[in-house]
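The sequence and model come first, followed by the description.

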Amino acid sequence: RKIDIYATPGSVFTFAGKVRYLDMSRGVLAIENRSDNKTYDIQFQPASAAYANVTVGEEISISAVFDGTTYKARTLTVAEAQKR
């Protein structure tokens, strides 16, 4: 048997790509990560102003901590905001 460990609790990851799913009531978004073409669910605080204008299909970069079960957002950057 072979066991691969990809993330340990407390590890910080940066995901960059398109938002594929957004649920403001649950505080969950799915991002299609450009580097590996996989989609990841990220939990976030819906009350945070940083997420108020995020929309499905938008390019974002998000830093998240893996807690052993889920990824929890720390910072968010919207690609359009970088161009302004």
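The model is predicted: local features need pLDDT of at least 70, side-chain atom pairs count only at pLDDT 80 or more, and totals for chains, interfaces and linings use all residues. Residues are numbered from 1 along each chain as its sequence is written, and side-chain values use heavy atoms, with hydrogens and water left out.

**Overall dimensions**

The chain contains 1 helix and 5 strands, in the order β-β-β-β-β-α along the sequence. Helices (H or I, at least four residues) and strands (E, at least two) are DSSP runs, numbered from the N terminus. The radius of gyration, taken over C-alpha atoms, is compared with a globule rule of 2.2 Å times the number of residues to the power 0.38. For 84 residues a compact globule would have a radius of gyration near 12 Å, and the 13 Å of the chain agrees with that. Along the principal axes, the C-alpha atoms fill a box of roughly 50 × 25 × 20 Å.

The accessible surface of the chain is about 5800 Å², and 48% of this belongs to carbon and sulfur atoms. Areas come from the Shrake-Rupley method with a 1.4 Å probe; for residues, only the protein chains shown count as cover. Of the 84 residues, 31% count as buried. Buried means under 20% relative accessible area, exposed over 50%, and partly exposed in between (1.4 Å probe, protein chains only). Contact means heavy atoms within 4.5 Å. Among contacts in the chain with a separation of 6 or more, 45% are between residues 24 or more positions apart.

**Strand pairing**

Two strands pair if DSSP finds at least two bridges between them.

| Strands | Bridges | Opposite residues |
|---|---|---|
| strand 1 and strand 2 | 6 bridges | Y21 and A30 |
| strand 1 and strand 4 | 7 bridges | F15 and I62 |

Strand 2 (residues 28-33) has 5 of its 6 residues buried, so the rest of the structure largely encloses it. The hairpin of strand 1 and strand 2 has 4 residues between the strands, and G27 there takes a positive phi near 70 degrees. In the hairpin of strand 2 and strand 3, also with 4 residues between the strands, N37 has a positive phi near 55 degrees.

**Aromatic rings**

How many aromatic pairs does a search of the whole structure find? The search gives 7. Rings of Phe, Tyr and Trp (its six-membered ring) pair if their centres lie within 6.5 Å; planes under 30 degrees apart count as stacked, over 60 as edge-to-face and the rest as tilted. The ring centres of F15 and Y71 are 5.2 Å apart with planes at 85 degrees, so this pair is edge-to-face. F15 belongs to strand 1 (residues 12-23) and Y71 to strand 5 (residues 71-78), so the pair links parts of the chain 56 residues apart. Both F15 and Y71 are buried.

F66 and Y71 form a tilted pair, with 5.1 Å centre to centre and 50 degrees between the planes. F66 and Y71 are both buried. Ring pairs join F13, F15, Y40, F66 and Y71 into a cluster.

F13 is in strand 1 and, at 24% relative accessibility, counts as partly exposed. The C-alpha atoms of F13 and F66 are 7.6 Å apart in space, while the two residues are 53 residues apart in sequence. Not counting residues up to four places away in sequence, F13 touches Y6, A7, I62, S63, A64, F66 and Y71.

S11 is located in the segment before strand 1. Is S11 buried or exposed? S11 is buried, with a relative accessible area of 19%. A polar atom of the S11 side chain lies 2.8 Å from the backbone oxygen of T8. Apart from neighbours within four places in sequence, S11 is in contact with A64, V65 and F66.

Key. A polar contact is a pair of N or O atoms within 3.5 Å; within protein, one must be able to donate a hydrogen and the other to accept it, and residues adjacent in sequence count only if both atoms are side-chain atoms.
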